[in-house]
Amino acid sequence: MPITPGVAVSDEVREAVVAHRPVVALETTIITHGLPRPRNVTAARDAEELLRDAGVVPATVGVIEGRPTVGLSTDEIDRLGAADDVHKVGTRDLPVAMAQGWSGGTTVSATALLAHRAGVGVFATGGLGGVHRGAAETFDESADLVALAGLPILVVSAGVKSILDVGATLERLETLQVTVLGYRTTTFPGFYVRDSGFGIADRVETPAEVAAVVRARDALGLHSAVLLANPVDGADELDDALHRAVLEGALADAEAQGVRGKDTTPHLLDHLHRASEGRSLEVNLALYRANVALGGAVARELSALHDGGQVGQ
Ligand code: PSU
Ligand code: MN
């Protein structure tokens, strides 16, 4: 397994990748810019523990003093979660981060790239970035979408947040040739809520079915991601009226303050957390745990397929 020079991979992750044992990549923008302290660090540690308990190696990805790293130590995760001068690192920021020695949390786009470079094929996150509302004028579309178009990985996400233009995001995913699977649903999830109001054509029922789609993609030599959309559990979703009220407030606030570019997503998330008095945060944490668990289950299936000799590289 050729590992890209410039990307540090922990021994644990490297050994698991070489032996085709199950590994799941985790992003760190969720820690540095997505969740408030101290829940950010506990969420990151819980995700790792959940995977280990399921026999899966966690590969938390981030940038430490200019070093893109796949498989951060607990200490490095703690430091990223506590630092004040930490960057939000998308793919285009990686060269600058490396040259200038930044520490930062990697977004879905940068995490997917680094995970793929390290040979990790499964990645669990909370919500994917997408097309922002008003993008027809601002052109604000997350680099996550373009990253998924060119990286053959599996990403588990609770759909995209309702802060985005969900319909436009689904259209872009189609254009970019990203396979979208609904996990036990034909409704695209809206992150805080199970139903974004948009449908998904392709539904799967089990981690084994997801693994079969990933293997077929690989057999075809297709270089785009598979997006597994996992709706938040019905017991955990945000109340519909509260959801609509806080969302409108968040969008109006960002507009009034003229928030633009990479600050937009963190600003909206922070507003939602405060306006819902922490309820959106609990939803975010619950769906994140569920996505990590599902990613682990799919990684185990992929590993078992390999052990069964059903695939050739
Ligand atoms: N979803 C969350 N929390 C987050 C993000 C998504 O629940 O913090 C982050 C992810 O890292 C995603 C990024 O890649 O926001 C997208 O930012 P932008 O819209 O600027 O591309
Ligand atoms: Mn943007």
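Visitor: How many aromatic pairs are there by the rule used here?

Guide: In this predicted model, the count comes to 1 aromatic pair. The partners are Phe-191 and Tyr-192.

Visitor: What makes Phe-191 and Tyr-192 an aromatic pair, and why is the pair called edge-to-face?

Guide: The ring centres of Phe-191 and Tyr-192 are 4.7 Å apart, and rings pair if their centres lie within 6.5 Å. The planes stand at 85° to each other. Planes over 60 degrees apart count as edge-to-face, so the pair of Phe-191 and Tyr-192 receives that name. Phe-191 and Tyr-192 are both buried.

Visitor: Which charged end sits over the ring of Phe-191?

Guide: The charged end of Lys-161 does, at 4.3 Å from the ring centre. The limit for that distance is 6 Å.

Visitor: Why is Thr-169 called buried?

Guide: Its relative accessibility is 0%. Buried means under 20%, so Thr-169 belongs to that class. Thr-169 is part of helix 9, residues 166–175. A polar atom of its side chain lies 2.8 Å from the backbone oxygen of Asp-165. Beyond four places in sequence, Thr-169 touches Gly-130, Val-131, Leu-145, Val-160 and Leu-164.

Visitor: Is His-271 buried or exposed, and how do you know?

Guide: His-271 has a relative accessibility of 16%. The cut-off for buried is under 20%, so His-271 counts as buried. His-271 lies in helix 12, residues 264–275. With neighbours within four places left aside, its contacts are Val-246, Gly-249, Ala-250 and Asp-253.

Visitor: What makes Val-283 buried, and which residues does Val-283 contact?

Guide: The relative accessible area of Val-283 is 3%. That value is under 20%, so Val-283 is buried. Val-283 is found in helix 13, residues 279–307. Leaving aside neighbours within four places in sequence, Val-283 contacts Tyr-192, Val-232, Asp-236, Glu-237 and Leu-238. Tyr-192 is the partner of Phe-191 in the aromatic pair.

Visitor: How many residues has the largest nonpolar core, and which of them have the most contacts inside it?

Guide: The largest nonpolar core has 64 residues, and those with the most contacts inside it are Val-13, Val-23, Val-70, Val-120, Phe-188 and Leu-227. Helix 6 supplies the largest share, 6 residues. Another core lies apart from it, with 36 residues, including Leu-35, Leu-80, Leu-181 and Leu-294. In soluble globular proteins, nonpolar side chains tend to be buried together.

Notes. Residues numbered from 1 in each chain as written. Chains lettered and ligands numbered in written order. Predicted model: local features only at pLDDT ≥ 70, side-chain atom pairs only at ≥ 80, totals over all residues. Heavy atoms only, no water. Helix = DSSP H or I, 4+ residues; strand = E, 2+ residues; numbered from the N terminus. Buried < 20%, exposed > 50% of the residue type's maximum accessible area, 1.4 Å probe, protein only. Contact = heavy atoms within 4.5 Å. Phe/Tyr/Trp six-rings, centres within 6.5 Å; stacked < 30°, edge-to-face > 60°. Lys NZ or Arg CZ within 6 Å of the ring centre and 35° of its normal. Core = buried A, V, L, I, M, F, W, Y, C linked by side-chain atoms within 4.5 Å. Polar contact = N/O pair within 3.5 Å; in protein donor to acceptor, adjacent residues only side chain to side chain.
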